[in-house]
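Please keep the sequence and the 3D view at hand while reading.

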Amino acid sequence: MPEWLQAGGWGLLAGSALLIGAAVGWFARVPQRLIASVMAFGAGVLLSAVSYELIEVAHDQGGMLPTVIGAAGGTCAYTLANVGLARRGARNRKRSGGQQPSEGEQPGSGSAIAVGALLDGVPESVVIGASLLAGGAVSLVTVVAVFLSNIPEGLSSAAGMRQAGRTRRYVFLLWTGIALISGLAALVGNTLLGGAPPEVLAAITALAAGAILAMITDTMVPEAFENAHLLVGLITVAGFLTAFALSHS
């Protein structure tokens with residue numbers, strides 16, 4: 001199977017977890033405390049992946065300078081885009097309670113949430129595609145980490161969208177579209193970065209890591225802390241150690 005097709009398949013697999021989470025969040029009445037706990041676990045998994053599968057790999061590939069520049073650039077780019085989307089109603093796109101505005105309360109917020117979901121998912125998928133370039137095999141830890149973290153993201157967002165009055169058609173078309181784009185982003189990441197110098201690969205990997213880290217603190221941690229704050233540290237560390245064990249198994 002061509003490498004680019006493998007990349008697209010792995011990206012689609014990781015992105016499909018958003019749809020699984022959305023289905024649970026829409027059809028099941030999951031307690032907010034449980035949603036927050038799952039979100040905390042997913043945040044811990046991603047934090048571990050950022051540390052050991054992205055930043056460390058980027059440093060090994062290209063050294064300190066490309067890694068720092070890439071991570072800082074990804075953080076700044078994500079933050080600026082997130083500020084713009086927050087002003088249009090997408091600030092609480094991963095919240096499961098009543099924080100998400102309805103379309104009547106803030107026109108255009110549905111589109112902003114869709115763009116925000118895309119912003120959250122693309123960096124992860126690009127890294128999945130690029131990981132095939134490093135040694136000819138996908139980073140299974142990265143795929144597992146993104147998959148595990150996508151379930152609570154989709155779950156929490158869909159529950160919040162339901163409370164905000166958005167339709168089932170909107171929710172499932174959104175997450176199906178994001179899952180497909182995740183596969184496409186992984187494919188594009190693999191195709192465009194093939195043959196790139198190690199320093200460029202390092203900078204792109206670190207850029208994605210910076211964006212993911214900003215996403216965790218901006219959108220996942222608030223949901224986890226508000227409804228499971230007494231246990232959020234314990235659960236987050238459990239997620240971190242789970243991904244850490246996978247990366248060293």
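A residue is called buried under 20% relative accessible area, exposed over 50%, and partly exposed in between, with a 1.4 Å probe and protein chains only. At 60% relative accessibility, Asp-60 therefore counts as exposed. The model is a predicted one: local features need pLDDT of at least 70, side-chain atom pairs count only at pLDDT 80 or more, and totals for chains, interfaces and linings use all residues. Residues are numbered from 1 along each chain as its sequence is written, and side-chain values use heavy atoms, leaving out hydrogens and water.

**Overall build**

- The protein chain has eight helices and zero strands; helices (H or I, at least four residues) and strands (E, at least two) are DSSP runs, numbered from the N terminus.
- Along the sequence the pattern reads α-α-α-α-α-α-α-α.
- The radius of gyration, taken over C-alpha atoms, is compared with a globule rule of 2.2 Å times the number of residues to the power 0.38.
- For the protein chain the radius of gyration is 17 Å, close to the 18 Å that the rule gives for 249 residues, so the chain is as compact as a globular protein of that length.
- Taken along the principal axes, the C-alpha atoms fill a box of roughly 50 × 35 × 35 Å.

**Burial, contacts and surface**

- Of the 249 residues in the protein chain, 48% are buried.
- Contact means heavy atoms within 4.5 Å.
- Among contacts in the protein chain with a separation of 6 or more, 85% are between residues 24 or more positions apart.
- The protein chain exposes about 10700 Å², and carbon and sulfur atoms supply 71% of this area; accessible areas come from the Shrake-Rupley method with a 1.4 Å probe, and for residues only the protein chains shown count as cover.

**Charges**

- The protein chain carries 12 positive and 13 negative side chains; Lys and Arg count as positive and Asp and Glu as negative, while His and the chain ends are not counted.
- The centres of the two sets lie 15 Å apart, with each charge placed at NZ of Lys, CZ of Arg, CG of Asp or CD of Glu.

**Aromatic rings**

- Rings of Phe, Tyr and Trp (its six-membered ring) pair if their centres lie within 6.5 Å; planes under 30 degrees apart count as stacked, over 60 as edge-to-face and the rest as tilted.
- The structure holds four aromatic pairs.
- One of them is the edge-to-face pair of Trp-26 and Phe-172, at 6.4 Å centre to centre and 75° between the planes.
- Trp-26 lies in helix α1 (residues 3–27) and Phe-172 in helix α6 (residues 168–193), so this pair ties together parts that are 146 residues apart in sequence.
- Trp-26 is buried at 13% relative accessible area, and Phe-172 is buried at 17%.
- Ring pairs join Trp-26, Phe-27 and Phe-172 in a cluster.

**Three single residues**

- Asp-60 sits in helix α2 (residues 32–62).
- Between the C-alpha atoms of Asp-60 and Ala-117 there are 30 Å in space, and the two are 57 residues apart in sequence.
- Glu-124 belongs to helix α4 (residues 109–135) and is buried, at 1% relative accessibility.
- Beyond its neighbours within four places in sequence, Glu-124 is in contact with residues including Leu-46, Glu-153, Ile-212 and Met-215.
- Leu-13, in helix α1, is partly exposed with a relative accessible area of 38%.
- Leaving aside neighbours within four places in sequence, Leu-13 is in contact with Val-143 and Phe-147.
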